[in-house]
Amino acid sequence: YFEGGLVQEQNPALLRPTVDRNLYAPMLLTQLALPALLKQPAAHILNVCASVAELGAPGYAAYEAAQVGLMTYTRVLRRELAGRDIAVTGFCPGTAVPGLAASLFAADVKPAVGDPEPYLVAADLVAAVKRPDGGTVLTHRSFTVRLLTWLNRLFPALFERLWARRREAVAFKQTAGADGSS
């Protein structure tokens, strides 16, 4: 769940639900389940994260901040529980919304590689759960997302200029009915 829009245009009442659903809920659920999981001979905590969160795309500030927070929380939790027979995995299935990665730049751009088939994502999810050590599993990221993530890490100044040129081309819509607009 996320509420898109440039920071100055986002409805403040929708920021909290975005962070609650994408970060606070998994943290609270983990905290509540942990006493029972620690009593098991083996357990696995799996958080579904968004790999696109690393891009820092204009229009997704609250969602991306919550997703980066969830990735970090998952990494910290894995380290805290090391040696306690609880695997902790961050599973990043790739873009679930058709064309989302390309739409970060312009509405008329299509992804270079198609969106993942659900059965491939499901197979990767099963494989991730079977990993005894946990870890971060990035799957089926489109070529577009992989390229943009790489550029963002190696050439941040270039990436900033790219976002500045494309920012105005991105069209964002408020969630229908959430604030009375459509």
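Figure 1. Strand β2 (residues 86-92) is largely enclosed by the rest of the structure, because seven of its seven residues are buried. The model shown here and in the following views is a predicted one. Ile-86, Val-88, Gly-90 and Cys-92 point one way from β2. Ala-87, Thr-89 and Phe-91 point the other way, and the residues of both sets are all buried.

**Figure 2. Pairing of strands β1 and β2.** Strand β1 (residues 43-48) pairs with β2 in the parallel sense, and six bridges join the two strands. Leu-46 stands opposite Thr-89 in β2, and Asn-47 has Gly-90 of β2 as its bridge partner. The two faces of β1 can also be told apart in this view. Ala-43, Ile-45 and Asn-47 make up the covered face of β1, whereas His-44, Leu-46 and Val-48 make up the uncovered one.

Figure 3. Thr-74 has its place in helix α2. Its relative accessibility is 1%, so Thr-74 counts as buried. When residues up to four places away in sequence are not counted, Thr-74 touches Asn-47, Cys-49, Val-88, Thr-89 and Gly-90.

**Figure 4. The loop residue Asp-85.** Asp-85 is located in the loop between α2 and β2. Its phi angle is near 60 degrees, a positive value in a residue other than glycine. Asp-85 has a relative accessibility of 55% and therefore counts as exposed.

**Figure 5. Packing of helices α1 and α2.** The axes of helix α1 (residues 12-38) and helix α2 (residues 61-80) come within 8 Å of each other and cross at roughly 10 degrees. The two helices are therefore roughly parallel to each other. On the α1 side, the contact is made by Leu-15, Thr-18, Val-19, Asn-22, Leu-23, Pro-26, Met-27 and Thr-30. These residues meet Ala-62, Tyr-63, Ala-66, Gln-67, Gly-69, Leu-70, Tyr-73 and Leu-77 of α2. Sorted by class, the contact between α1 and α2 comprises eleven nonpolar residues, five polar residues and no charged residues.

**Figure 6. Gly-69 in helix α2.** Gly-69 lies in helix α2 and is one of the residues through which α2 meets α1. With a relative accessibility of 23%, Gly-69 counts as partly exposed. This view also includes Ala-53, which is 16 residues from Gly-69 along the chain. The C-alpha atoms of Gly-69 and Ala-53 are separated by 9.6 Å.

Figure 7. Side chains of opposite charge can pair when their charged atoms come close. Asp-20 forms a salt bridge with Arg-16, and the closest N and O atoms of the pair are 3.0 Å apart. The count of salt bridges comes to one. Asp-20 and Arg-16 are separated by about one helical turn, because they stand four residues apart in helix α1. Asp-20 is partly exposed, with a relative accessible area of 24%, whereas Arg-16 is exposed, with a relative accessible area of 59%.

**Figure 8. Ala-122 in helix α4.** Ala-122 lies in helix α4 (residues 118-130). Its relative accessible area is 38%, so Ala-122 is partly exposed. Ala-122 and Pro-93 are 29 residues apart in sequence, and 8.8 Å separates them from C-alpha to C-alpha.

**Figure 9. The chain as a whole, for orientation among the close-up views.** The chain contains six helices and three strands. Along the sequence, these elements follow the pattern α-β-α-β-α-α-β-α-α. The chain has 182 residues, of which 38% count as buried. Of the contacts between residues at least 6 apart in sequence, 71% join residues at least 24 apart.

Notes: Residues are numbered from 1 along each chain as its sequence is written. This is a predicted model: local features need pLDDT of at least 70, side-chain atom pairs count only at pLDDT 80 or more; totals for chains, interfaces and linings use all residues. Side-chain values use heavy atoms; hydrogens and water are left out. Axes are lines fitted to C-alpha atoms, for helices over the stretch in contact, and angles run from 0 to 180 degrees between N-to-C directions. Angles under 35 degrees count as roughly parallel, over 145 as roughly antiparallel, 65 to 115 as roughly perpendicular and the rest as oblique. Contact means heavy atoms within 4.5 Å. Ala, Val, Leu, Ile, Met, Phe, Trp, Tyr, Cys and Pro count as nonpolar, Asp, Glu, Lys and Arg as charged, and the others, Gly among them, as polar. Buried means under 20% relative accessible area, exposed over 50%, partly exposed in between (1.4 Å probe, protein chains only). Two strands pair if DSSP finds at least two bridges between them. A salt bridge is a side-chain nitrogen of Lys or Arg within 4 Å of a carboxyl oxygen of Asp or Glu.
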